[in-house]
Amino acid sequence: MKTSHTFIDRLLHWTLALGITFILLTVFLRLNWMEKNHVASLLTDGLSNIDVEITREQAIKIAKQIRKPMFDWHLIMGYIVTGIFILRIIYTSVKKNLYDPKTTTEKFQLWVYRGFYILLGFTLISGLLIKFGPDFIHDLAEEIHKLTLFYMIPFLIVHFTGIILAEFGSKKGIVSKMISGE
Ligand code: HEM
């Protein structure tokens with residue numbers, strides 16, 4: 001199989017990978033350690049130990065304020081990933097030596113990547129609509145955006161499994177090739 005990972009291919013791949021990893025970290029924090037109900041309970045419990053009573057609503061409000069600077073990075077990195085995504089689409093469509101899959105495995109890989117890019121497009125557009133879209137679309141955009149993990153996690157599992165199988169199978173050196181190009 002002839003694969004050509006140009007410098008731009010690799011740059012786009014790794015910046016996208018880092019950007020998405022960073023975004024997933026903000027999602028993880030939002031759903032776990034910095035989850036608003038969890039932080040609100042810590043606040044109410046901690047304060048009641050020193051005889052300060054606050055309402056649930058007040059505690060949730062403070063919990064959201066604590067979470068905000070962290071989750072602002074979700075948006076910042078979201079804009080960056082959107083930019084890389086657009087560059088990726090442009091670069092792939094103007095690239096001369098378009099990838100031509102031959103075997104069934106290669107065809108499967110190509111469709112997994114295509115599917116991933118289409119779904120990532122939905123994630124980015126829905127994220128941007130939550131922020132900048134009209135009011136009537138806000139809730140729908142949020143519902144769609146929150147479905148992201150249902151394809152993102154399976155994709156990452158398939159992706160890493162495929163790389164490990166290839167590295168220990170017929171395509172030794174596939175990882176260093178994606179780093180150095182050779
Ligand atoms: C790789 C790109 C992205 C991924 C993987 C991603 C993933 C997620 C996930 C899984 C959630 C749900 C967290 C929860 O259930 O509470 C979320 C929330 C959110 N995302 Fe993204 N996101 C991405 C890009 C963006 C972009 C580009 C924007 C807009 C600039 C954005 C704005 C938001 C907002 C505002 C929320 C909070 C929604 C709420 O209030 O419930 N995201 N994101």
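## Helices and the pocket they line

Helices here are DSSP runs of H or I, at least four residues long, numbered from the N terminus. A pocket is an open set of points on a 1 Å grid over the protein atoms alone, where a 1.4 Å probe fits and protein lies on both sides within 12 Å along at least five of seven lines; its lining residues have an atom within 4 Å of a point. This is a predicted model, so local features need pLDDT of at least 70 and side-chain atom pairs pLDDT 80 or more, while totals for chains, interfaces and linings use all residues. Residues are numbered from 1 along each chain as its sequence is written, and side-chain values use heavy atoms, leaving out hydrogens and water.

Now to the second largest pocket, which is lined by 33 residues. Five helices, α1 (7-31), α3 (56-94), α4 (104-132), α5 (138-146) and α6 (149-168), each bring at least two of its lining residues. The top contributor is α3, with 11.

## Between two domains

Domain 1 (1-74) and domain 2 (101-182) both give residues to this lining, so the pocket lies between them. Those bounds come from an automatic or database domain assignment.

R30, F71, H74, I130 and H145 are the lining residues nearest the pocket's centre.

## The ligand inside

What's in there? The ligand sits in the second largest pocket, meaning that more than half of its atoms lie within 2 Å of the pocket's grid points. Around the ligand are 23 residues, with R30, H74, G127, H145 and K146 the closest; to be counted, a residue needs a heavy atom within 4 Å.

Look at the polar contacts, pairs of N or O atoms within 3.5 Å. In R30, a side-chain N or O atom is 3.0 Å from a ligand oxygen.

How values were computed: A polar contact is a pair of N or O atoms within 3.5 Å; within protein, one must be able to donate a hydrogen and the other to accept it, and residues adjacent in sequence count only if both atoms are side-chain atoms.
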